[in-house]
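Here is a short report for a reader new to this structure. Look over the sequence and the model first, then read on.

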Amino acid sequence: DRYYVHDQESHSAMWLKSNTNEKTRIYTAYFGGLWLSSQGMIRSSIYDPSFIEDKEAIGDGYIFLRYVNVVGGKLLCRNRQWHNLTEYDHLFIERNKIYDNDGSQVWR
């Protein structure tokens, strides 16, 4: 699943492309930017180590979660280590899930 692109991720990336612009901040786990780039032609995604590795809140913007994040419950950091998504619950409290297709999510 690290490299496989699921249909849900493609639809989510296309949804993001049609509902954001080039200046929109879109945060993602490691490799997530490749999905956004290839499936949604989005070049502005951000991998923020403070979010994934330090588990700190990020600024305004969207969070794109892939299939492996939503279904597998894991986030990948730049060291290619998996972290349980439940460790990040506190970072989603102030956010709203605005897109969910049972395999990919977008939070704002």
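## A buried asparagine

N69 counts as buried, because its relative accessibility is 1%. Buried means under 20% relative accessible area, exposed means over 50%, and partly exposed lies in between (1.4 Å probe, protein chains only). N69 sits in helix α4. Helices (H or I, at least four residues) and strands (E, at least two) are DSSP runs, numbered from the N terminus.

The model is predicted: local features need pLDDT of at least 70, side-chain atom pairs count only at pLDDT 80 or more, and totals for chains, interfaces and linings use all residues. Residues are numbered from 1 along each chain as its sequence is written, and side-chain values use heavy atoms, with hydrogens and water left out.

What does the side chain of N69 reach? It reaches the backbone oxygen of K74, at 2.6 Å. Such a polar contact is a pair of N or O atoms within 3.5 Å; within protein, one must be able to donate a hydrogen and the other to accept it, and residues adjacent in sequence count only if both atoms are side-chain atoms. N69 is also in contact (heavy atoms within 4.5 Å) with A29, F64, K74, L75 and L85, leaving aside neighbours within four places in sequence.

L75 is one of the contacts of N69. Not counting residues up to four places away in sequence, L75 touches A29, I52, L65, N69, Q81, W82, H83, L85 and Y88.

A nonpolar core is a set of buried Ala, Val, Leu, Ile, Met, Phe, Trp, Tyr and Cys residues joined through side-chain atoms within 4.5 Å. The largest has 14 residues. Those touching the most other members are F51, I52, I63, L65, L75, Y88 and F92. Helices α3 and α5 and strand β3 each supply at least two residues of this core. Another core lies apart from it, with twelve residues, including I26, Y62, L76 and Y99.

## Helix α1

Helix α1 has 13 residues, and its end C-alpha atoms are 18 Å apart. The expected span is 1.5 Å times one less than the number of residues.

Which residues of α1 are buried? They are E9, S10, S12, A13 and L16. Seen down the axis of α1, they fall within an arc of 165 degrees, so they line one face of the helix. The arc is that of the directions from the helix axis to the C-beta atoms. On the other side of α1, D7 and S18 are exposed. The cover over the buried residues of α1 includes β1, α2, β3, α4, β6 and β7.

## Salt bridges

How many salt bridges does a search of the whole structure find? It finds five. A salt bridge is a side-chain nitrogen of Lys or Arg within 4 Å of a carboxyl oxygen of Asp or Glu.

One joins R66 and E9, with the closest N and O atoms 3.5 Å apart. This pair links distant parts of the chain, 57 residues apart: R66 is in the loop between β3 and α4, while E9 is in helix α1. R66 counts as buried, at 2% relative accessibility. E9 counts as buried too, at 1%.

E87 and K55 meet in another, at 3.2 Å from N to O. They also link distant parts of the chain, 32 residues apart. E87 is partly exposed, with a relative accessible area of 34%; K55 is partly exposed, with 24%. D100 and K97 meet at 3.3 Å, N to O. D100 counts as partly exposed at 37% relative accessibility, and K97 counts as partly exposed at 41%.
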